[in-house]
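This is a guided tour to follow with the viewer open. Each stop names a selection and then says what is there.

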Amino acid sequence: MAITLSGDQSIPAPPLSPRLTPAQAWGIALLAPYLLVFLAFVVYPVCYGLWLARAPSNYVALYHDPIFARAAVNTLIFLVIGINIKMLIALFLSGFFAQQRTWIKWLSVIFILPWAVPSIPTILSVRFMFNPEWGVVNHLIFSFTGDDGPNWLNDPTVALTMAIGVHIWKSLPFWTLILITGRLAIAQDLFEAAEVDGASWWQKFRYITWPSMQTLYITCTLLSMIWTLGDFNSVYLLTGGGPADLTHVLATLGIRYLRLDQLSLAMASIVCAMPFVLPLVYFMMKRLSR
Amino acid sequence: MKLPGASEFSWRDVATEARLLLIGIPVFLWTMIPIYHMFLFAISPKEDAFSGKLWPDHPTLHNFEIVFKQQHYFLRDFYIQFWNSTVIAVSVGVLTLVIATAAAFSISRLKVPGGRTVLNLALFTYFIPAAFLAVPMYRTMGNYGLLNNHWSLILAMVTIASPYAIWVLKQASDKLPVELDEAAVMDGATTLQIFRLVYLPLMMPSLVAIGTYAVLLAWNEYLYAFLLLSNDREITLPVALGNFLAADDSPWELLMTTGFIYALPPAAIYYAFRRYMVGGLTAGAVKS
C-alpha cells in the first residue's frame, strides 16, 4: 500500500472491499437514505435528550413537583386499568365481528370510523357534549330529571375516566381488527369437532380460542401499553391536563414542561418513565424473538 | 345443519339474533355518537347547537359557507392551512414510499449485509412512545434550523412511518420467488432494471397500502404538527382547530364544521383503499 503514496497517480484506487459485488453496493446505496433518517431523527434526538436530562438537579425538581407524582399515578391507572379493559373488549368484540352476518359485516365497516378519522375533531366533539352549560348530555339530564347535570370535566376522577374512554373509543377498532385476524386464523374444524362433542360456549373459548390467541393477545396488550404511554391527544384535547393539572399523564406533562421552556425537566420526566417502558420493551423483545 | 323444510322460524335463531343485536346496537351507538354530534353541529345554527337539540329545527349549510368564504377570525387562513395539510401529507406519502421501498428491496432482495439488524433497529423506533420522542425531536429540529418549516414535520412523520413501511414491504417482497430475480439476471438485467421492471410492478398492491397509510398518518397528526409549526400561515388544519380553543367564546359550530371537512378526506381515502389496507397492513400481525 505504501507504494501508492509515492505519487503514482495512474494506479486506480483499490475497491473498498474486494468482496463487495455490484448488487451489494446497490444494497448499501438503497439502504442509506433510511439509515440517514434514522440517525438524524431517532438516534441523535434520543442521545441528545438523554444528555440534556443528565443533571441530578432535574430529578430533585421533579420530586418536588406534585404535578409529576400525580401524572405518574394517572399514567399507571391509564395503562393498567384502561388498556386491560380495552383489550378485553377488543377480544370480546373480535368474537362478535367474526360472526357471519351481513349486518355485522356492515357494522364492522362503520366500526372502523373512529380509527380512520383524525382524533382532534372527534375528541373536541366529545368535549363539547359534556360541556356543563351547553353540552347535549346535561341538556338531556335536565329535560329528564329537571336537575342540572354535573360539571363533568371539572372532577379529576371523572375527567381521567373520560380521557381513558376517549382513548378506548379511538383505538378499540384497530386492536379489534388485529384480534379478528387472529381469530379467523384458527382452524374451523376444531370448533366443528367441539360442537359435535357438545362443548359449551365457555369450553370452546377456554380450550380452543384462548390457547391459539393468547400469544397475539398478550403481544397486543404490551404493544398497546407502550403506544399509550405516548398518547398525548386523549388527555390534552379533552381536559388539557386540568382541572388544576390533576389529569396530566407523562405524555402531556413532558410537552407541558417543553411549552414552559423547561426542556431538561421535560427530558428528565421522560427518563423517569423508563421504569414503565423498559420492562414492557424487554417482554416484547422476548416474545418477538421467540 | 338445517333440515329441508323443517321450519323457517326457530326460537333458537331468534334468541341468537337478539343477543347479537344486544351487542351490535351499543357498539353502533358508541361508535357513531361523537361523529354524529360533530355532524349535527356542522348543520346547526349556533342557537340550535347550543341548546342540546338532537336534530336542529332549521338544518342549514350556512356554517360551511362561512368556512369556505373564510368569514371568521379563526378561519382567515383556512385554504392555506388546508393546502399545508395536503402538501405535507402527500410529501410524507411519497418520501416514505421512496425510502421504504428502497430499503425493503435492499434488505429482502439484495440481502445486504446487516439488513436484518437495520430492520430490527428501525422497528425499535416504535418502542419509544410518540410523545416522548417528540420532546427531543423538537429540540433537534431547532438545532437543524427546521422549526416552523414544513420540512420539519415532513421529516418527523417520515421517521415515524418508515419502520412499519419497511417491515410490511419486506414481508411482502419476501413472498416473491427468488427465481424471478435469477431469471432477470440471466437475461442480463442490471440491479436497477430488476428494481424498476420486476420488483415495483409486483409490489404495487403493498405500495398502495403503504402510501395510503403514510398519507393518513401525516394528515391526522396533531402533536408533532402542533410542536413543530406555529405561524398561522404555516400550520396544518389540526393545529388551526386546536387554536380555536384559545378563545373563551369559541365558535364551536364553526370548529365542528371545519373539523368535519378535515375528517372527510381521510375517511374517504380509507374506504376507497380499504381492500388494500386491511390485507396489506395486518398481513404480518398474526404470524407469531
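Select chain A and follow the elements from the N terminus: they run α-α-α-α-α-α-α-α-α-α-α-α-α-α. That is 14 helices and zero strands, where helices (H or I, at least four residues) and strands (E, at least two) are DSSP runs numbered from the N terminus. The model is predicted, so local features are given only at pLDDT of at least 70 and side-chain atom pairs only at pLDDT 80 or more, while totals for chains, interfaces and linings use all residues. Residues are numbered from 1 along each chain as its sequence is written, and chains are lettered from A and ligands numbered from 1 in the order in which they are written.

Along its principal axes, the C-alpha trace of chain A spans about 100 × 60 × 30 Å. Of the 290 residues in chain A, 38% are buried. A residue is buried if 20 or more other C-beta atoms lie within 10 Å of its own, exposed if 12 or fewer, and partly exposed in between, with C-beta atoms placed from the backbone.

**Domains of chain A**

Colour residues 21-52 and 66-289 of chain A separately: these are domain 1 and domain 2, with bounds from an automatic or database domain assignment. Taken over C-alpha atoms, the centres of domain 1 and domain 2 of chain A are 33 Å apart.

Next, pick A:Leu260, in the loop between α12 (250-259) and α13 (263-272) of chain A. A:Leu260 counts as exposed because it has 10 C-beta neighbours inside 10 Å. Draw a C-alpha to C-alpha distance from A:Leu260 to A:Leu31: it comes to 39 Å, for two residues 229 apart in sequence.

Then go to A:Asp245, in the loop between α11 (233-238) and α12 of chain A. Phi of A:Asp245 is near 60°, a positive value in a residue other than glycine. A:Asp245 counts as partly exposed, with 19 C-beta neighbours inside 10 Å.

**The contact between the chains**

Show both chains and select the contact: 72 residues come from chain A and 68 residues from chain B. Two residues are in contact if their C-beta atoms, placed from the backbone, lie within 7 Å. On the side of chain A that touches chain B, helix α1 (residues 22-52) of chain A gives the largest share, 20 residues. What is the division of this side into nonpolar, polar and charged residues? There are 56 nonpolar, 16 polar and no charged residues; Ala, Val, Leu, Ile, Met, Phe, Trp, Tyr, Cys and Pro count as nonpolar, Asp, Glu, Lys and Arg as charged, and the others, Gly among them, as polar. For the complex, the predictor gives an ipTM of 0.86 and a pTM of 0.87.

**Chain B, whole**

Colour by pLDDT, the predictor's confidence in each residue from 0 to 100. Chain B has a mean of 87, and 93% of its residues reach 70 or more. Among the elements of chain B, α4(B) has the highest mean pLDDT (95) and helix α13 (residues 274-282) the lowest (67).

**The core**

Select B:Val92, B:Ala103, B:Ala134, B:Met157, B:Ile166 and B:Ile210, which touch the most other members of the largest nonpolar core, a set of 159 residues. Such a core is a set of buried Ala, Val, Leu, Ile, Met, Phe, Trp, Tyr and Cys residues joined through C-beta atoms within 7 Å. Helix α7 (residues 150-174) of chain B gives the most to this core, 15 residues. Domain 1 (21-52) and domain 2 (66-289) of chain A both give residues to the core, so it lies between them.

Centre on B:Met157: beyond its neighbours within four places in sequence, it is in contact with B:Val92, B:Leu217, B:Ala218, B:Glu221 and B:Tyr224.

**Last stops**

Move to B:Ala100, in helix α4 (residues 78-109) of chain B. B:Ala100 is buried, with 28 C-beta neighbours inside 10 Å. Not counting residues up to four places away in sequence, B:Ala100 touches B:Ser162, B:Ala165, B:Ile166, B:Leu169 and B:Ile210.

Finish at B:Lys111, in the loop between α4 and α5 (115-124) of chain B. B:Lys111 has a positive phi, near 50°, in a residue other than glycine, and is exposed, with 12 other C-beta atoms within 10 Å.
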